[in-house]
Structures are given as C-alpha cells and as structure tokens.
Amino acid sequence: MNDKNKPILDDALSKLPNYEPEDQLWDKIEGGLEARKLQDALAKLPVYEPEDQVWAAIETNLPTQGTTIVRRLGRVAAIAASVAVLLVAGWYLMGQIRHTGETITYSEEVIKGTFSTAQFVALDDDEEAFEIIQILRERNDPITASPEFQSLEQDLNELNEAKQDLIPVIHDYEANPRLKIQLAKIERERSDVLKQIIKMI
Amino acid sequence: MQLFQFSYNATRIPRQSLYCLWLLVLGTFSLHAQEITLQVVTKNITETIAYKTGDELNIEGEKAEVEVLSWDKNEVFVTMKLISKHPERRIAKEELEKIKYEITREGNQLYIRNYIELAEGEKKPLSNLKAQFVVSVPEDCPVTLANYFGSASLQDLNNGLNLNSEFCTIGLTNVSGTIGIKTRFGDLEGDQIEGDVSIEAKRSNITLRRLGGKFDIQAKYGTIEIFADQSAFDLNIDADRSDVYFYDARMQDYKYNLAAHHGNISVPKRMDFNFTENTPEFKRAFLLPKDELGGVRVAINVSFGDIRIGP
C-alpha cells in the first residue's frame, strides 16, 4: 500500500512551489538568538568585588600628575554633588506637602426653602426709578455739580456694584439666608440714597 | 353635655370637606416653608505642610468658611471640604468638579486656595458650591487671609494677621501682633486683640472686646462697639456715617478726645466732660481723668453719626 502511493506522493511534492526566505531574515533570527544567549550568559556571570587594597595598590602605581588633578577634581565634584543632593533633599523634606488623601462622601440635608432666588431678584421691579440719575446727568442738571449729589451718586454706584456681586452668589439651596439678608439691606440702602437724591431735585 | 353635643355635630361634617380643609392647611404651610431634600456631595482633603520659622501662610477662599487656629506642632495641617448641594445627586457630583483647590509652597510662602472655575460664558452652577477649611498652624505663623462670600474665624495667633474680605463675617479671638484688617460688607467681632492694629471697614459693623495696644479704626457706614474692659490701649476711631459706642466699667479712667460733625455726643452725667464746641454742626468734648493711666487715649472722630460713651 505504502509502496503503491509513494510515487504519487513524491510527484505531488515535486510539484509544490518552492519559497526561499531572504538572507536578511536569517541574519535577524541569528542576531536575536545571539542577543538572548549573551543576556543569559551575562545573568549567569558571577560578581566579584575587589578588595579595597587592590584599588589602593592601583592608585599608588598611577604615576602622572595630570591624572591626579583630574581625579581630585572628580572627587571634589562628587562631594559637591553629594552636598547638593543632601541640600535639595533637605530643602524638599523641610518644605514638603504630605497629601494624606482625598475622599468623596455623600449625605442628605433638608432645608426649608422660603422663596427662590429668582423671585427674590424679581422683587426689584422698581428698578427704573434709579434711571433718574442718568436723566439728571444727560440733561446736565445743576444739582449734578454739587458735592452732595456726587457723594450720593458714588454711594449708589458702590451699592449697585455690591448688588451685582451678590446676585450670582445667593443660592436657592442655601440654608443660611445671610447673603439674602445682606442683599435686602443693600436694597434698603439704595432706596435711601435714591430718596436723598430725589429730595435735592 | 356640651362636649357631647360638639362631637356629635363634628361627625356630621362631611368627610370630604375635612380632607379639603386639611389639604388647604398643608398647602398654606408648604407655600411658606417648602422642604427641599438636598444631596450633599463632599470632597474631603487633608494635607500636612512641614513648617519652619519664617514661613508665612496665605489663604484665599471663595464661598469658604475658613477657620484658622494654632496648635503645638511644627506643621501646618489642612482639612478641606469642598461641598456641592443639589436635589439631584448626579448634578451635585458633576458640579463638585467646578470647585478647585491648591495647596502649594513657593519659598517660605505657603498657599492654600480654593476657587470656583467656570469656562468662559458658562452658566452659574445649579448646585450650591462651597468650601470649608480648618487650618492648624504653629502660633508664631503669620497669616494672610482673603475671603469672599463666606466666613473667617481665627484664634490663638501671636505673630500678626493680614485680612482682606468682602461679604464675609469675621471672628477673631486671642490674636496679637501687627494686625491689618480690611472688610467690606462683612461684620467683624474680635475678642482679646492685642498689638498694632489697623482696621478699615466699609459697610461693616465692628464689635471689639478686651483690647490691648494701638488701634486705628477707619469706618464708613457701620456701627462700632468697643467694650474696653480696663485694657490699656490707644484707640483712634475715624468714622464716617457711622455710630460709635464705647463702654468700660471704669469709664472715668480714660483720656477722651471726641468730635462729631453733624452728630451727637452723649456721655454719662457723672462724668465731667468739657464741651469746647457744641453746635448742631459740630461738637467737641474732652475729658482728662483724675487718676490718669499712662497713654490711655480714646480719640473718636465721627461725621454724620453719633458717639456714645458708657451705657
């Protein structure tokens, strides 16, 4: 049976196409194998540390002055580098910030909302009354030249600015109404200043 | 019998009407005080900074409740909470990332800072964002603090303080050294303040107790109350459109120099003040104590406000 099929098999094998890899491929494989061999061999090498006397003997036999200077300079540089490292480490240790951690926690808080910030801000629908200052300025009214008017106008500007600072900060979800009370106080003061200006007209 | 009659009548009220009445009452209450359950998401941070003499602490807070107190360790210890509150936990958590913090050192300057970071044109966060710091420092650490829209409480510091705040309530207890305070729209309460102190306050009320040293107070639109408690000091108050009250159990021991432009000066009758000017526009009053304490001087100058000495 085997003898019968052998010629057929040989014939089929002889018809198979023949592929030859490029030379570089063999080189790469060889290089890889060598590198691995080298690493394995290096890892297996024993480590020997010469005794201090050996270094001392070598040192005494080194004759030239130039080399000594270079070596001394090297030692100075090494000491300087060590001192620098110590200084930097010391400075770092002196001023270090130790971050102990950052955690997120969740809880609930129930607050009693009285009225919203939007409602609170919408209360000042008399805002156009304050345009009187602008009107007096535009028509160059004599009272605008008086120091009293100018002082009141400055107060009003400061209060307007404070109001604009506060509005973005007051919040619906705030249990402490301190800033809302502050805003209410500013509004009262603005009204007082406006009334004083109107008295002057 | 009367009671029985009443209960009999009550049972005759239709049940539906009672329900309606109850709902109306509930509705009325809810209009005034609607309860909101907020989801509070908190980022907790703790850091320790090694301290050496000569270091200075700088704190800058935004919507922060800042507490600074001394301890006996040679370190600055910071406990910081960044808080976001909103009825929906998802939103509260997302927006918590908008509160940033920094704890850094530059030379001998230590910086602790929080701020709310919004991209250009980004809307105001829906959540209520705030921060809380508790900072423990060696008592000889000088502190500079700036805070906006929050509160500041400082105690047991002996090497000076520089404070600048707006819309922020300030509480100082047992603070000494060179102290400079600037406050706008924020009330200041101090107890046992000693040293070379200058205060510049605008639209802020000031209450000080048990003072020592030299005080220079400039105030505009506020009320100033001093409870001196027989402390030896040199007090100079210059107040515009503000009222000033000065109290002490031994009022007569001080050397007074008072002036009021368009305001009143009121003093206890038993104290023999010498009014050198007394017109509606301007009043001036002096008093030299019989047992004069060295250098204890109270000079108060007010415009468009009143001075009141004693209860």
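A:Leu9 is exposed, at 55% relative accessible area (exposed is over 50%, buried under 20%, partly exposed in between, using a 1.4 Å probe and protein chains only). This is a predicted model, where local features need pLDDT of at least 70, side-chain atom pairs count only at pLDDT 80 or more, and totals for chains, interfaces and linings use all residues. Residues are numbered from 1 along each chain as its sequence is written, chains are lettered from A in the order in which they are written, and side-chain values use heavy atoms, leaving out hydrogens and water.

**View 1. A nonpolar patch on the surface of chain A.** A:Leu9 sits in helix α1, residues 2-15 (helices are DSSP runs of H or I, at least four residues; strands are E, at least two; both are numbered from the N terminus). Together with A:Leu13 and A:Leu16, A:Leu9 makes up a patch with about 320 Å² of accessible area.

**View 2. Where chain A meets chain B.** Here 42 residues of chain A are in contact with 51 of chain B (contact is heavy atoms within 4.5 Å). On the chain A side, A:Ile97, A:Tyr106 and A:Tyr173 lose the most area to chain B, together 16% of what that side buries.

**View 3. A salt bridge between the chains.** B:Lys130 pairs with A:Glu174, their closest N and O atoms 3.4 Å apart (a salt bridge is a side-chain nitrogen of Lys or Arg within 4 Å of a carboxyl oxygen of Asp or Glu). Elements giving two or more residues to chain A's side include α4 (65-95) and β1 (97-113), and β1(A) brings the largest share, 17 residues.

Notes. Patch = residues over 30% accessible without salt bridge, like charges linked within 9 Å, V, L, I, M, F, W, Y side chains within 5 Å. Areas by Shrake-Rupley, 256 points an atom, 1.4 Å probe, with all protein chains shown as cover. Buried area = accessible area lost by both parts, 1.4 Å probe.
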